[in-house]
Amino acid sequence: MSDKLVNGTCNGTSSNNHNNKCNGNGISKGKDIRVWCDGCYDMVHFGHANSLRQAKALGDKVIVGIHTDEEITKHKGPPVFTEEERVKMVKGIKWVDEVVLGAPYVTTLEVLDQNNCDFCVHGDDITMTAEGVDTYHLVKSANRYKEVKRTAGVSTTDLVGRMLLLTRNHFRQGLAEYDIEKEVPSSSNMGQDSAAKSPWTGCSQFLPTTQKIIQFSDGKSPNLGDKIVYVAGAFDLFHVGHLDFLEKASKLGDYLIVGLHTDPVVNSYKGSNYPIMNLHERVLSVLACKFVNEVVIGAPYCVTEELLDHFKIDVVCHGRTPIALEDGKIDPYAVPKTRAIFELIDSGNNMTTERIVERIISHRLEYERRNQAKEKKEIEAFEALQRQKQTQKAG
């Protein structure tokens, strides 16, 4: 059964099917179903990717509208990434077909029609303008809106909070791996204490499942004779630098495998509170990239003979970032260098995870104010929604 057909309706949590595209049996008619998604897409993470994956299951093409820096600053405060960076990141997600810069903050019927889109899809959280208006009220009223489940356990607010707090709670191991340790209440514990924060952006627990990994994976093995490329690293806070590097690496062969180091290994060569995202989160972030075919979860820091032979790797690549020696003396790429299959790649992009953290730290107060205002509006909207539901039940 197609992902687009579930229980006789178009797959989605909303029952507002666009009549021109789905009949009573959930069968699509005529031309491709074009699905519109829009947003800031600032600090793109696997939660954004999962929303777009679900949107893709509702149609044939996903068109993503991205707000300009000016629009975001007006309604939320300054974005972390520029509009050019945000466009590039969204284009790199495997479920996206087209990207449109300059989407209005309030989604209109006109923007759907201009882009030949049948309906709009958004997560089951509330997005509001600076004036507190639901940004999707127009398309909801016209029955051209569907909801998908928001990915629990991640938000841009939460990630910013991790960088500002400089804690290591997000990659604890063993029995404490999924425990939530609340910080001492302060203006900077954004997204870390779900009891005191917005029900949508207040999060601190991501529970990985094999099903989620399967959903993100393309499930394809290399074909006979394919040239297989291997890269390894942390790929923390997946960003445009990673994207450009992986695109170049993918062009060196037919099938790209990414090895992801464990959290303790990353911390051993990065220090501080790195990685910002734990291994499970980084796996999904990398799998969502359209240039990646496979991910090795918990890859060895040193590229071994066994790894090269097992995956039949033809080329091993690394970027221009420094290569830390294992135990201060062992070159992790010694084996592929001996085999003469090692290549250095210049992605042409100097973005690093550290630079992202620097951006956040340098604008710390701005981001704290931005997120406090956002959370306040979301809590007020959530409480109003609960009151409305109680009134409906009583009536």
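**Sheet and cores of the model**

Val35 stands opposite Phe119 in strand E6. The model in which this pair is seen is a predicted one. Strand E3, residues 34-39, runs parallel to E6, residues 119-123, and two bridges join them.

These two strands belong to an open sheet of five, ordered E5-E4-E3-E6-E7, with parallel pairing. At the edges stand strand E5 (98-101) and strand E7 (145-148); each has a single partner strand, so one side of each is left without a neighbour in the sheet. From one strand to the next, the twist averages 30°.

Helices pack on this sheet. Helix H1, made of residues 46-56, touches E3, E6, E7 and strand E4 (61-66). The direction of H1 makes about 140° with that of E4. Helix H3, residues 83-91, also packs on the sheet, where its contacts are with E4 and E5. The angle between the directions of H3 and E5 is about 165°.

The largest nonpolar core has 64 residues, and the members that touch the most others are Met43, Val231, Phe235, Leu246 and Val258. Because domain 1 (34-148) and domain 2 (210-344) both give residues to this core, it lies between them.

Leu246 can be followed through its contacts. Neighbours within four places in sequence aside, Leu246 is in contact with Val231, Phe235, Phe238, Leu256 and Val258, and also with Cys289, Phe291 and Val292.

Methods. Residues numbered from 1 in each chain as written. Predicted model: local features only at pLDDT ≥ 70, side-chain atom pairs only at ≥ 80, totals over all residues. Heavy atoms only, no water. Core = buried A, V, L, I, M, F, W, Y, C linked by side-chain atoms within 4.5 Å. Buried < 20%, exposed > 50% of the residue type's maximum accessible area, 1.4 Å probe, protein only. Domains from an automatic or database assignment. Contact = heavy atoms within 4.5 Å. Pairing = 2+ DSSP bridges. Helix = DSSP H or I, 4+ residues; strand = E, 2+ residues; numbered from the N terminus. Axes fitted to C-alpha atoms, helices over the stretch in contact; angles between N-to-C directions.
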